[in-house]
Amino acid sequence: MREGHLPYAVVVKTAPPGFTPCDKLYDVGRCPHCAIASPNLNRLWADTWHTLGAEGWAAFRCNTCFGVTSVKMRFDTGGARMDSIALYPDAKEAHADIPDPARAFLQQAFQTLHAPDAAAVMAGSAVDAMLKKHGLTDGSLYARIDEALKLNLLTDGMAKWAHSVRLGSNRPRHADENRPHVSPDEAKQSVEFAEALGNFLFVLTAKIDRGIKAAETAKKSPPP
Ligand SMILES: [Zn+2]
């Protein structure tokens, strides 16, 4: 859930006496499952609240993809709203350690999962941009993937998967005559690979660098 963006439900009174969130969850930017903007999320189930400030749970279903999101909520002290504290699953966000433009492509891939062709193309662009960031700028994405394998930047399995993401992104991009479209599952797998590759090439490396620096700082400072 993004900072400053707090989905909420209006409080309704129940019988026997108590309070629950209303039938809809408002202010969710995108459905965590299908990424449609301003999703119509309908309550399936909710706890009953008895005290202001108390925390509880509710579940809401997306009207587009029928995916269920569970929400931890707090009965706000004004008594009018149930504010969400956490969403499970949460809307996906490309990690800040992934450099642009790869990060922007990955973010757009997350946000277009409801439109598989667009998501597959964005996943392909994200993979391409990640490899370019590692100095592989010559030729096509095809050549870049093979070069990355030769340099041991990718394992054999990763290179195979990268080629399948590349092929998936080519079909809608070149309006393939036989199979122009990508299925929702194919798009999801492409986006998952782009995310995994970003984690592997950038996020993990940045985490390791921070860990090494922290360990070195700890070594320099005298023991208590
Ligand atoms: Zn949805």
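This is a predicted model: local features need pLDDT of at least 70, side-chain atom pairs count only at pLDDT 80 or more; totals for chains, interfaces and linings use all residues.

I will begin with Pro89, whose place is in the loop between β7 (81-88) and α1. A word on those labels: helices (H or I, at least four residues) and strands (E, at least two) are DSSP runs, numbered from the N terminus. The peptide bond that leads from Tyr88 into Pro89 is cis, with omega near -5 degrees.

Residues are numbered from 1 along each chain as its sequence is written.

Now the overall layout. The protein has 5 helices and 7 strands, and from the N terminus on its elements run β-β-β-β-β-β-β-α-α-α-α-α. Its radius of gyration, taken over C-alpha atoms, is 22 Å, well over the 17 Å that the globule rule (2.2 Å times the number of residues to the power 0.38) gives for 224 residues, so the protein is more spread out than a compact globule. Along the principal axes, the C-alpha trace spans about 70 × 65 × 25 Å.

The domain assignment, where bounds come from an automatic or database assignment, gives domain 1 (9-88) and domain 2 (102-217). The C-alpha centres of these two domains lie 35 Å apart. The contact between them takes 5 residues from domain 1 and 5 residues from domain 2, where two residues are in contact if their C-beta atoms, placed from the backbone, lie within 7 Å.

Let us turn to the strands. The 7 strands form an open sheet in the order β2-β1-β7-β6-β5-β4-β3, with antiparallel pairing; two strands pair if DSSP finds at least two bridges between them. At the edges are β2 (18-21) and β3 (24-25), each of which pairs on one side only. For β3, the partner is strand β4 (residues 41-46), which it meets in the antiparallel sense over 2 bridges, and there Lys24 stands opposite Asn42 in β4. As for β2, 4 bridges join it to β1 in an antiparallel arrangement, with Phe19 in β2 as the bridge partner of Lys13. These two strands, β1 and β2, form a hairpin with 3 residues between them. Pro16 is found in the loop between β1 (8-14) and β2, and the peptide bond from Ala15 to Pro16 is cis, with omega near 0 degrees.

On the phi side, we have Phe66, which has a positive value near 65 degrees and sits in the loop between β5 (55-62) and β6 (68-75). Is Phe66 buried or exposed? A residue is buried if 20 or more other C-beta atoms lie within 10 Å of its own, exposed if 12 or fewer, and partly exposed in between, with C-beta atoms placed from the backbone. With 9 C-beta neighbours inside 10 Å, Phe66 counts as exposed. Ala175, in the loop between α4 (156-173) and α5, has a positive phi of about 45 degrees although it is not a glycine, and with 9 C-beta neighbours inside 10 Å it counts as exposed.

Finally, the interior. In helix α1 (residues 102-111), 7 of the 10 residues are buried, so this helix is largely enclosed by the rest of the structure. Leu106, Ala109 and Phe110 are among the buried ones, and the buried residues of α1 pack against α2 (116-133) and α5 (184-220).

If you click on Ala123 and leave aside its neighbours within four places in sequence, you will find Ala109, Val165 and Ala194 among its contacts. With that, I am happy to take questions.
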